[in-house]
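Biologist: Please take a close look at one part of this chain, the nonpolar core, and describe what surrounds it.

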Amino acid sequence: MAPRILAVNPGSTSTKVACFDGEVEIWREEATHAPQELAGFPSIAAQFELRASDVDHAMLAHGLRADSLGAVVGRGGLLRPLRGGTYRVDE
């Protein structure tokens, strides 16, 4: 069975979330944010709760439970440039 994968792409004015079974897209959601809404945050890092809420709402809307995921992938972030590849993330 192919792993279920949650993909998150936080853009400048939206958060895109998609779910895949292996390479097959199951669903896709996009939460958009007006520039005025995002201007109320002092930094990109301060948007964390907003962006996490976007992901939570998309998962809830599609009945996706976190414990059913084999992987979560994301684009962007507040890290220095890293080599491409897979990184294990834990507590």
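**The core and its surroundings**

Modeller: The largest nonpolar core has 10 residues in all: Leu 6, Val 8, Val 17, Cys 19, Trp 27, Val 55, Ala 58, Met 59, Leu 64 and Leu 69. At least two residues of this core come from each of β1 (4-10), β2 (14-21) and α2 (48-61), and α2 gives the largest share, three residues. In soluble globular proteins, nonpolar side chains tend to be buried together. The model is predicted, and what follows should be read as a description of that model.

The setting is a chain with two helices and four strands, which run β-β-β-α-α-β from the N terminus on. Its C-alpha trace spans about 45 × 35 × 25 Å along the principal axes. Of the 91 residues in the chain, 24% are buried. Among contacts with a separation of 6 or more, 42% are between residues 24 or more positions apart.

The strands form an open sheet of four in the order β3-β2-β1-β4, and the pairing is mixed. β3 (24-32) and β4 (71-74) each have a single partner strand and stand at the edges, so one side of each is left without a neighbour in the sheet. From one strand to the next, the twist averages 15°. α2 packs on this sheet and touches β1, β2 and β3, its direction making about 40° with that of β2.

Strands of a sheet pair through backbone hydrogen bonds, either parallel or antiparallel. For β2 and β3 the sense is antiparallel, over eight bridges. These two strands form a hairpin with two residues between them, and Gly 22 in the turn has a positive phi of about 65°. Within the pairing, Ala 18 is opposite Arg 28 in β3, and Thr 15 is opposite Ala 31 in β3.

Trp 27 is in contact with Leu 6, Val 17, Ala 18, Cys 19, Ala 58, Met 59, His 62 and Leu 64, when residues up to four places away in sequence are not counted. Cys 19 lies in strand β2. Its relative accessible area is 1%, under the 20% cut-off, so Cys 19 is buried. Beyond its neighbours within four places in sequence, Cys 19 touches Arg 4, Ile 5, Val 24, Glu 25, Ile 26, Trp 27 and Leu 64. Cys 19 and Met 59, another member of the core, are 40 residues apart in sequence, with their C-alpha atoms 8.7 Å apart in space.

On the helix side, α2 has 14 residues and reaches 20 Å from its first C-alpha to its last, close to the 20 Å expected at 1.5 Å a residue. Its buried residues are Leu 50, Arg 51, Asp 54, Val 55, Ala 58 and Met 59. The cover over these buried residues includes β1, β2, β3 and α1 (35-39). After α2 comes Gly 63, with a positive phi near 65°.

The polar contact between the side chains of Thr 15 and Arg 51 is 3.0 Å, and the one between the side chains of Thr 15 and Asp 54 is 2.9 Å. Thr 15 counts as buried because its relative accessibility is 2%, under the 20% cut-off. With its neighbours within four places in sequence left aside, the contacts of Thr 15 are Val 8, Asn 9, Pro 10, Glu 29, Glu 30, Ala 31, His 33, Arg 51, Asp 54 and Val 55. Val 8 and Val 55 in that list also belong to the core.

Gln 47 has 10% relative accessibility and so counts as buried. Not counting residues up to four places away in sequence, Gln 47 touches Leu 38 and Phe 41.

Key:
Residues numbered from 1 in each chain as written. Predicted model: local features only at pLDDT ≥ 70, side-chain atom pairs only at ≥ 80, totals over all residues. Heavy atoms only, no water. Core = buried A, V, L, I, M, F, W, Y, C linked by side-chain atoms within 4.5 Å. Buried < 20%, exposed > 50% of the residue type's maximum accessible area, 1.4 Å probe, protein only. Contact = heavy atoms within 4.5 Å. Pairing = 2+ DSSP bridges. Axes fitted to C-alpha atoms, helices over the stretch in contact; angles between N-to-C directions. Polar contact = N/O pair within 3.5 Å; in protein donor to acceptor, adjacent residues only side chain to side chain. Expected span 1.5 Å × (residues − 1).
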